[in-house]
Amino acid sequence: MSSDADAFRTALRSSKNIIAIAGAGLSAASGIPTFRSANGLWRNHDPVQLATPQAFDKNPSLVWQFYNTRRTTALNASPNAAHMALAMLCCPDMLQVLAPSQANFTLITQNIDGLSTRALKDVLAKRDGERQDSQPSMIYEMHGRLFDIICTTCSHIETNYDPSLCPALSETQQNCSNDKNTCADIPLELLPRCAKCGGLLRPGVVWFDEKPRHLTQIWSLVDKADMCLVIGTSNTVQPAAGFACEVKDHGGTVAVFNVEWNPDPEFDLNPDFLFLGPCEETLPKVLF
Ligand code: BJW
Ligand code: ZN
């Protein structure tokens, strides 16, 4: 395992199909808490325990308050230097400089905060002089999006950036901030409801036992990738945890960017490169 940035850049220059798999550590420097850090508790609840369909069925009020807080945090956050570095790789003209052999690059992110997409739209707007509304094709948000809301009755989906999704959530957010450990019990009818059918809405994210988004396209990218960057993820949640192993198994190169590296022996990932440190520092330094 090497931490030689020159050797990494040489490997990158000859790569053709480059992917990056990102996790919560990518957004840590933007002030978005990770899932499994020592101080990951949200009002005495483990975030991982709240990210399940069972938690939502049992207590939609609690789960909505969790996601509403995260919506506010994400709305107030800005992309950091690691998001910007990845956004540069997403731009074909900039990628061409680092990997001149007609390379292509796709970012597969487990994050739902939308910061990678915002970073890329910023970079493209600067380059083109106008802002694109559509979702860039080089980013797959495999665990969904915090700002999508889905009706549990009619499946209607819409994107909503309003920090006050409904009066009850706005009120409890203000009251809860006085006592960080408690949460209000909002009646079902006062939680966010569908404008079309009145059904209960849920956050448009992928919980445990649900099918991650874009899996067919993602697996086809993973299968042909010859370079895989693994950035700020504990690499413990399937299927994302298997992507880098698959790249390694078919002879590709894997580079890990993380503040620590304690691999789960079950996943058996031996990266070729390991860049220890905050990715908002290591990624721009190693890439450019
Ligand atoms: C820095 C840093 C800095 C900090 N710089 N680094 C038993 C065995 C194996 C698998 C299973 C099993 N039982 C069930 C499963 C499958 C299950 C799974 O994997 N469970 C394991 C936990 C056991 N997976 C699923 O259920 C998935 N679905 C699925 O498999 O479906 C199959 C299917 C196929 C076809 C049809 C139908 C079904 C779904 C998984 C969904 C995960 N959802 C969540 C919540 C999303 C919404 C939300 O955000 O609230 O996704 S859980 C949570 O974990 C979230 C994250 O995206 C995901 C990964 O976490 P991540 O990003 O790695 O964060 P952390 O906190 O763990 O790590 C942060 C890292 O950053 C650390 O390493 C730090 O060191 C580092 N770091 N600062 C660089 N500045
Ligand atoms: Zn509906």
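Q: What makes two strands a pair?
A: Two strands pair if DSSP finds at least two bridges between them. Strand β4 (residues 144-151) and β5 are joined by three bridges, so they qualify as a pair. Their sense is antiparallel, and Asp148 stands opposite Thr159 in β5.

Q: How do you know what kind of model this is, and how residues, chains and ligands are labelled?
A: It is a predicted model, in which local features need pLDDT of at least 70 and side-chain atom pairs count only at pLDDT 80 or more, while totals for chains, interfaces and linings use all residues. Residues are numbered from 1 along each chain as its sequence is written, chains are lettered from A and ligands numbered from 1 in the order in which they are written.

Q: Which strands form the parallel sheet, and in what order?
A: Six strands form an open sheet in the order β3-β2-β1-β7-β8-β9, with parallel pairing. Its edge strands are β3 (139-141) and β9 (273-276), each of which pairs on one side only. The twist averages 15 degrees from one strand to the next. Within this sheet, five bridges join β1 (residues 17-22) to β7 (residues 227-231), and Ile18 stands opposite Met227 in β7.

Q: What packs on this sheet, and at what angle to β2 or β1?
A: Helix α5 touches β1, β2 (104-109), β3 and β7, and its direction makes about 140 degrees with that of β2. Helix α9 (residues 215-224) touches β1, β2 and β3, at about 120 degrees to β1. Such angles run from 0 to 180 degrees between N-to-C directions, with axes fitted to C-alpha atoms, for helices over the stretch in contact.

Q: Why is the passage of α5 by α11 called a left-handed crossing?
A: The term applies if the near helix is turned anticlockwise from the far one by less than a right angle. The axes of α5 (residues 81-90) and α11 (residues 279-287) cross at roughly 35 degrees and come within 7 Å, and the crossing is left-handed. Ala81, Ala82 and Ala85 in α5 meet Cys279, Glu280, Leu283, Pro284 and Leu287 in α11; residues in contact have C-beta atoms, placed from the backbone, within 7 Å.

Q: How do you know that ligand 1 lies between domain 1 and domain 2?
A: Ligand 1 lies between them because domain 1 (1-32 + 80-143 + 212-288) and domain 2 (35-76 + 146-205) both give residues to its shell. The domain bounds come from an automatic or database domain assignment. The C-alpha centres of the two domains lie 29 Å apart, and eight residues of domain 1 are in contact with seven residues of domain 2.

Q: Which residues come nearest to ligand 1?
A: Of the 36 residues around ligand 1, these are Gly23, Gly25, Phe35, Gln110 and Ser234; a residue counts as near if its C-beta atom, placed from the backbone, lies within 6 Å. The elements that give two or more residues to the shell are β8 (253-258) and α11.

Key
Helices (H or I, at least four residues) and strands (E, at least two) are DSSP runs, numbered from the N terminus. Two residues are in contact if their C-beta atoms, placed from the backbone, lie within 7 Å.
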